[in-house]
Amino acid sequence: YYYYYYYYYYYNNKKVCDGLLYLHTPDLARGKGVVLHRAVKSANVLLAHDFFARICDAGLGAMGGTPGYGAPELQSGQQCSERSDVFAFGVVLLELFAGQPPLDMQKRPPLLVARCCAPTAPGLDEAAIAAVDLRLADDSAWAQPAQHSVALELLGLARWCADANAAERAPLDSAAFVLGAISAQ
């Protein structure tokens, strides 16, 4: 069961990343400039009849972003940029990985990004163990070192995309490359 979860997780997130990369890449021959999505969130990732992801609702998002998905720089009044979409994509990755909504007022801190991306002294392993969806943690595949290392790579990518500092965030082409390399394992 979880084999399919992992397969669709890698493949569909790669598709979403590729879709955002297409929007962010200008095509001067066709007169297409950079298009910012501004509403990247799990509700705007649809599964088609073949269960493959499609990203939708481009350009209709509020400037500040959906609560829990909005990049920190948008809260301070800065312009939306490609890096804002990357932040929201990182939150979607974290949301899928943790099986939790991006904003939960019952938890402290309420933002999923703050819970998963807080710097930890011992390293990434403890953040991964704390963030992992408990349904995955109960699966015997999670106990396999190969799956555990892949999960850590995915969490590392999600944390890189959701970095609070826009200049330190993953470029989308790098995120697509990392997702492609993980799915090839």
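Student: Leaving aside its neighbours within four places in sequence, which residues is Lys 32 in contact with?
Tutor: Beyond those neighbours, Lys 32 is in contact with Tyr 22, Leu 23, Thr 25, Pro 26 and Asp 27. Please bear in mind that this is a predicted model.

Student: Where is Lys 32 found?
Tutor: Lys 32 is found in the loop between H1 and S1.

Student: Is Lys 32 buried or exposed?
Tutor: Lys 32 counts as buried, because its relative accessible area is 16% and the cut-off for buried is under 20%.

Student: What about Arg 38, where does that lie?
Tutor: Arg 38 lies in the loop between helix H1 (2–24) and strand S1 (45–47). Its phi is positive, about 65°, although Arg 38 is not a glycine.

Student: Let me step back. How many helices and strands does the chain have?
Tutor: The chain has 9 helices and 2 strands. Read from the N terminus, the order of the elements is α-β-β-α-α-α-α-α-α-α-α.

Student: What share of the residues is buried?
Tutor: The chain has 185 residues, and 39% of them count as buried. The accessible surface comes to about 9,700 Å², with 60% of that belonging to carbon and sulfur atoms.

Student: Which residues have the most contacts inside the largest nonpolar core?
Tutor: They are Cys 17, Leu 20, Phe 89, Leu 94, Val 113 and Cys 161, in a core of 38 residues. At least two residues of this core come from each of H1, H3, H4, helix H8 (145–161) and helix H9 (172–183). The largest share, 10 residues, is supplied by H3.

Student: Take Phe 89, then. What is it in contact with, leaving aside neighbours within four places in sequence?
Tutor: Phe 89 is in contact with Asn 13, Val 16, Cys 17, Leu 20, Val 40, Cys 161 and Leu 179.

Student: How far apart are Ile 182 and Tyr 11?
Tutor: In sequence, Ile 182 and Tyr 11 are 171 residues apart, while their C-alpha atoms are 9.6 Å apart in space. Ile 182 is found in helix H9, and this residue is buried, with a relative accessible area of 2%.

Student: What share of contacts in the chain joins residues at least 24 apart?
Tutor: Among contacts between residues at least 6 apart in sequence, that share is 58%.

Student: New topic: Glu 95. Which side chain does it join in a polar contact?
Tutor: The side chain of Glu 95 is joined to that of Tyr 69 by a polar contact of 2.5 Å. Glu 95 lies in helix H3 and counts as buried, at 14% relative accessibility.

How values were computed: Residues are numbered from 1 along each chain as its sequence is written. This is a predicted model: local features need pLDDT of at least 70, side-chain atom pairs count only at pLDDT 80 or more; totals for chains, interfaces and linings use all residues. Side-chain values use heavy atoms; hydrogens and water are left out. Helices (H or I, at least four residues) and strands (E, at least two) are DSSP runs, numbered from the N terminus. Buried means under 20% relative accessible area, exposed over 50%, partly exposed in between (1.4 Å probe, protein chains only). Contact means heavy atoms within 4.5 Å. Accessible areas come from the Shrake-Rupley method with a 1.4 Å probe; for residues, only the protein chains shown count as cover. A polar contact is a pair of N or O atoms within 3.5 Å; within protein, one must be able to donate a hydrogen and the other to accept it, and residues adjacent in sequence count only if both atoms are side-chain atoms. A nonpolar core is a set of buried Ala, Val, Leu, Ile, Met, Phe, Trp, Tyr and Cys residues joined through side-chain atoms within 4.5 Å.
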